[in-house]
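Please look through the sequence and the structure before reading the points.

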Amino acid sequence: HLYYQYNPYASVWDNTHWGHATSTDLVHWTHQPIAIYPDALGAAFSGSAVVDSRNDAGFGKNSMIAFYASAGDRQTISMAYSDDNGMTFKKYSGNPVVASNVPDFRDPKVFYHQASSKWIMIVAAGQEMQFYTSSNLKDWTYESSFGKSEGCHDGVWECPDMMELPVEGTNVKKWVLICNINPGGPAGGSATQYFVGSFDGKRFVNDSPATKWMDYGKDHYATVAWNDAPQGRPIVLAWMSN
């Protein structure tokens with residue numbers, strides 16, 4: 001499943017819904033009906049989705065649960081759930097599930113952290129990434145922030161992601177935190193930077209002060225990975241042009 005920011009009324013950015021496409025190979029895609037519509041809390045900005053295989057949220061075993069930024073008078077984090085394999089979603093009645101006084105507060109990335117047996121949510125909050133934890137996907141606890149004096153800050157921080165990857169030629173694994181900025185990239189446009197370090201389920205620690213770029217093109221942006229990709233592979237997708 002690929003969900004993306006979509007304006008059904010024009011070919012310019014506005015009226016943000018969640019568009020939807022499906023694929024069996026991540027190469028050939030079939031367009032599907034709109035997955036999430038705006039509501040009284042605002043437009044449906046970027047986010048992520050997980051499969052709740054243990055029914056932690058209580059919406060049913062293997063429900064697909066989406067998290068997105070509701071962008072109205074302010075930006076808050078909302079959730080919706082699907083009981084038909086991600087084709088349609090129902091909004092959670094307790095939205096928003098996370099709120100903040102930070103004006104730019106969006107792009108929630110949610111994944112399950114095996115070592116701590118907790119769900120992790122990373123939210124882009126101004127010039128930093130904020131980490132939250134939960135046991136039930138509904139009630140979230142703030143744990144830490146990352147970003148001060150780290151990497152490039154020439155644009156707003158957006159679209160976080162994080163994954164654990166093996167270090168080639170060793171038995172060591174490292175956590176990679178993805179951070180998209182706009183503008184500020186090496187070619188002058190938007191770009192994707194990343195940090196390599198450790199994560200204990202609450203706090204990310206960066207190993208290197210150097211700014212690392214995933215791609216040196218002008219518009220490689222909004223890079224996020226699929227949850228539950230085949231063989232556990234971390235496969236990322238970026239949008240191509242502004």
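1. Basis of the note. This is a predicted model, in which local features need pLDDT of at least 70 and side-chain atom pairs count only at pLDDT 80 or more, while totals for chains, interfaces and linings use all residues. Residues are numbered from 1 along each chain as its sequence is written, and side-chain values use heavy atoms, with hydrogens and water left out.

2. Nonpolar cores. A nonpolar core is a set of buried Ala, Val, Leu, Ile, Met, Phe, Trp, Tyr and Cys residues joined through side-chain atoms within 4.5 Å, where buried means under 20% relative accessible area, exposed over 50% and partly exposed in between (1.4 Å probe, protein chains only). The largest such core has 24 residues, and those with the most contacts inside it are Ile65, Phe67, Met121, Leu137 and Trp140. A second, separate core of 19 residues includes Ile120, Ala191, Phe195 and Trp213.

3. Strands (DSSP runs of E, at least two residues, numbered from the N terminus) pair if DSSP finds at least two bridges between them. An open sheet of 4 strands has the order 8-9-10-11, with antiparallel pairing. Strand 8 and strand 11 (141-146) stand at the edges with a single partner strand each, so one side of each is left without a neighbour in the sheet. Strand 9 and strand 10 (residues 128-134) pair over 7 bridges, and Trp119 has Ser134 in strand 10 as its bridge partner.

4. Salt bridges. A salt bridge is a side-chain nitrogen of Lys or Arg within 4 Å of a carboxyl oxygen of Asp or Glu, and the whole structure holds 7 of them. Glu158 and Arg106 meet in one at 2.7 Å, N to O; Glu158 lies in strand 12 (residues 156-166) and Arg106 in strand 8, 52 residues apart. Both Glu158 and Arg106 are buried, and together with Asp104 they are linked in a network of salt bridges.

5. Around Val196. Val196 lies in strand 14 (residues 191-199) and is partly exposed, with a relative accessible area of 22%. Not counting residues up to four places away in sequence, Val196 is in contact (heavy atoms within 4.5 Å) with residues including Lys174, Phe204 and Asp207. Lys174 and Asp207 themselves form a salt bridge, with the closest N and O atoms 2.7 Å apart. Lys174 is partly exposed at 28%, and Asp207 is partly exposed at 44%.
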